[in-house]
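The exercises below are meant to be worked through with the sequence and the coordinates at hand. Each task is followed by a solution that goes step by step.

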Amino acid sequence: MKQFTSINDVPDLKALIALARTGKANPQLHASLGEGKAVCLLFLNPSLRTRLSTQRAAAHLGLTCMVMDVGRDGWQLEFSDGVIMNGNKAEHVREAAQVVSQYCDVIGLRTFSALKDRDEDYSEPVLSAFVKYASVPVLSLESAIRHPLQSLTDLITIEEHVKVAKPKIVLSWAPHPRALPQAVANSFAEWTRAAGHEITIACPQGFELSDAFSNGHIVTHDQDAALAGADVVYTKNWSSFKDYGAIGEGLDDWQITADKMALTKEAKFMHCLPVRRNVVVSDAVIDSANSLVFAQADNRTWAAKSVLQMLLHD
Amino acid sequence: MKQFTSINDVPDLKALIALARTGKANPQLHASLGEGKAVCLLFLNPSLRTRLSTQRAAAHLGLTCMVMDVGRDGWQLEFSDGVIMNGNKAEHVREAAQVVSQYCDVIGLRTFSALKDRDEDYSEPVLSAFVKYASVPVLSLESAIRHPLQSLTDLITIEEHVKVAKPKIVLSWAPHPRALPQAVANSFAEWTRAAGHEITIACPQGFELSDAFSNGHIVTHDQDAALAGADVVYTKNWSSFKDYGAIGEGLDDWQITADKMALTKEAKFMHCLPVRRNVVVSDAVIDSANSLVFAQADNRTWAAKSVLQMLLHD
Amino acid sequence: MKQFTSINDVPDLKALIALARTGKANPQLHASLGEGKAVCLLFLNPSLRTRLSTQRAAAHLGLTCMVMDVGRDGWQLEFSDGVIMNGNKAEHVREAAQVVSQYCDVIGLRTFSALKDRDEDYSEPVLSAFVKYASVPVLSLESAIRHPLQSLTDLITIEEHVKVAKPKIVLSWAPHPRALPQAVANSFAEWTRAAGHEITIACPQGFELSDAFSNGHIVTHDQDAALAGADVVYTKNWSSFKDYGAIGEGLDDWQITADKMALTKEAKFMHCLPVRRNVVVSDAVIDSANSLVFAQADNRTWAAKSVLQMLLHD
């Protein structure tokens, strides 16, 4: 793999999932694959799971891992070309991306959407600048509109825990007090499609994902109908794509509760975390035996390990 | 050891001190004990000695060490159960503790007391939540009311440097411009008691430690009488337990000076650092040949190494 | 080497450059030289290149690397002697430097000039305090008035890319919207002098470096004359030494542009980065084939590796 920024970078999804599961079954299998090499994780936004699981994955491969909070530890970056840099940005991404490339073999990058200008966010200004100027593979640790490591994790978890042949998978929008990116939902839609699933996306009017991501799936505004007979309920908040960044009002009843789970076929419950309890999902559901949230979090390590292996091999 | 949060977690104090001293004498002895394993150090409050000495201890064991400033690098944590999380806390400790457990074999945790609500602080809300929800051993890097790694260090240092059979050990309260936790003093009291020492705690009226900690020791408000004939003077500020968090006024003469040390039996001087010179202790005393502050700081590495060994073995 | 703070600490510059180039040619040559040892990088100011390249250099030597942002992760430090520490500084450098020395074999330290009091900056208050109180070698990661790792990198880069026997090297002052230290320019002057180069320093009136650094070189206020026939153009902003910390006005035409480079003998272009494009240098020049900025950045790793090797050997 030349980079890992979306499902489009994955030549063989089944093989990647298999590699991750092998790595999980045998943590010490490739313990010296990364010897003498390094990955640099650049954070422009906060992270807990991604930060720690990717560090651990690197350690499992004997790979040196350097973690840096760009902007706080270093300098504010400029992303526009041709500008006179006399403001508060001390370094251009052209230099930053190329320079960091010289200190490592893979660059991991986390950046969120600003949720102000939709076209700008959907052009992935930060990630694509790093991809353009870096001379080593770029590993997305979540970008403005995608979170591919999370989706790989989610597919591994579904393969491990959902034994139905053609499971009904529901991606259900959830309420949230703050505006969040569409990244996790977008990626879940494109990765499940690539895995051959037609999922049901349930969301309030105005919270439909971009067609580019929901394409090939069922979109409904009737949450109860969506949940009926579901084998997997993946809930997640995202702000509006249409009325870009809006969070809506009076949508609290989209929370996943025990009553709603009762509509399903004893569905597994999934969420990428961090999650706001009793806003997104009730205590009863997330604490139930059917909750896969910790299985998902655990698989972050093995997803990252498999992707690092693929990036180092190329 | 299942966890390391107080003296009560230590099955055999003498054996632990001996293990630390062996590790110090032979830094390379267990250089591959931690191979393939990881410790994650979570900081909710600042640290210099603990941060660096625990990292170094991990390195001596071949253990991967991941350091994270929770709250700054990640998310604000919620510790109350059953709440509707629609405020500024993005993740519940139930998820955070369990998730981090999946990325490492030991969780180190530093958290200070807020010094507002005594009952809350003394219930150790943060540490006990991590202990409750983590699925790997928790290593206290200082909690609201205890600092066990420091006390282990202090006992190692006393064993190395104080050759009197039954030394007179004085814990002497010190002035300080800001309100500090009782953690170091509390722990020193319970660890010295466990080691068979009856110490003398000298403090102004109103600065007595909680009975649970001072129990079995001598408490006095007469500093000079306490210092008379002392073999060890451990000085440390703590804010009031009674008038919770108060720092007092007009207590500057509790500073340890050369005149006060002259009352002792050429006592060793101890402090856990960081220390405010000429407030807590005069330059002459801390810079004297009898000062053990660097010996204490050095032993932090070997204390942490021995505790990590014990936690990894279980 | 007992320390690495300026050219004066280098017993044999040619040998050091040769060591760096050998390390670059054979990255795995000394992969276990640092085994069981550790370097601690303390940052009092931001860093990207130095932070990452020194971490990577340590990894190439099998050396444990601990990175800490003093002041943010730990405590504010006091540098004055004899003061009553009842303000906002919680720890004296006497303790901090000695304590950190106990957790590692080399202390790396980055600190910038405050650009307020020239005499204070030029006395190197922070670096010299660490040198004084540390019990292990101190490695400057840039100090108030010098950046020796950068200068070593620059000399390696010149040796690799400039094949003229006696090259004309021009250090040309550049405009900048904020006041920057003289550190890079000062060091470049003293390291090139030690390497046997008489360089030409071109700067506006009032921006002359301290005589101690410019001594032995040609100083001119005529940029065009300086550039004429140049083989190397090193551009860098620095604030005034004379009118200490002043940035000047109406000096925008000191920017290095293609027109100015046309005056040279197809000179190589150098800058230490980060650089403000179209303020310090035009896009056309930094993006040209003659630009060595990435070669310089790359050599930071090999410079750091060679210096760490020298410091560990002593």
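**Exercise 1. Decide whether Arg49(C) is buried or exposed, and trace the salt bridge in which Arg49(C) takes part.**

Solution. The model is a predicted one. Step one: buried means under 20% relative accessible area, and Arg49(C), at 3% relative accessibility, therefore counts as buried. Step two: Arg49(C) forms a salt bridge with Glu91(A), and the closest N and O atoms of the two are 2.8 Å apart. Step three: the pair crosses between chains, since Arg49(C) belongs to helix H2 (residues 49–60) of chain C and Glu91(A) to strand S4 (residues 91–92) of chain A. Step four: Glu91(A) has a relative accessible area of 0%, so Glu91(A) is buried.

**Exercise 2. Locate the partners of the salt bridge between Asp105(A) and Arg56(C), and classify the exposure of each.**

Solution. Step one: the closest N and O atoms of Asp105(A) and Arg56(C) are 3.5 Å apart. Step two: the pair joins two chains, because Asp105(A) sits in the loop between helix H3 (93–101) and strand S5 (106–110) of chain A, while Arg56(C) sits in helix H2 of chain C. Step three: with a relative accessible area of 25%, Asp105(A) is partly exposed, whereas Arg56(C), at 8%, is buried.

**Exercise 3. Examine the salt bridge of Glu159(C) and Arg21(C), and state how many residues apart the two are.**

Solution. Step one: the closest N and O atoms of Glu159(C) and Arg21(C) are 2.8 Å apart. Step two: the pair links distant parts of the chain, with Glu159(C) in helix H6 (residues 148–161) of chain C and Arg21(C) in helix H1 (residues 13–25) of chain C, 138 residues apart. Step three: Glu159(C) is partly exposed, with a relative accessible area of 39%, and Arg21(C), at 30% relative accessibility, also counts as partly exposed.

**Exercise 4. Describe the contact between chain A and chain B, from its area to its charged pairs.**

Solution. Step one: the two chains bury about 2,700 Å² between them, of which 57% lies on carbon and sulfur atoms. On the side of chain A, Leu52(A), Arg56(A) and Arg277(A) lose the most area to chain B, and together they make up 24% of what that side buries. Step two: 32 residues of chain A and 31 residues of chain B take part in the contact. Step three: there are four salt bridges between chain A and chain B; Arg94(B), for example, forms a salt bridge with Asp287(A), where the closest N and O atoms are 3.6 Å apart. Step four: 12 residue pairs are in polar contact across this interface. Helix H2 (49–60), helix H11 (283–286) and helix H12 (293–313) of chain A each give two or more residues to the side that touches chain B, and H2(A) gives the most, with eight residues. By type, the residues of that side divide into 13 nonpolar, seven polar and 12 charged.

Terms used. Residues numbered from 1 in each chain as written. Chains lettered and ligands numbered in written order. Predicted model: local features only at pLDDT ≥ 70, side-chain atom pairs only at ≥ 80, totals over all residues. Heavy atoms only, no water. Contact = heavy atoms within 4.5 Å. Buried area = accessible area lost by both parts, 1.4 Å probe. Salt bridge = Lys/Arg side-chain N within 4 Å of Asp/Glu carboxyl O. Polar contact = N/O pair within 3.5 Å; in protein donor to acceptor, adjacent residues only side chain to side chain. Helix = DSSP H or I, 4+ residues; strand = E, 2+ residues; numbered from the N terminus. Nonpolar A, V, L, I, M, F, W, Y, C, P; charged D, E, K, R; others polar. Buried < 20%, exposed > 50% of the residue type's maximum accessible area, 1.4 Å probe, protein only.
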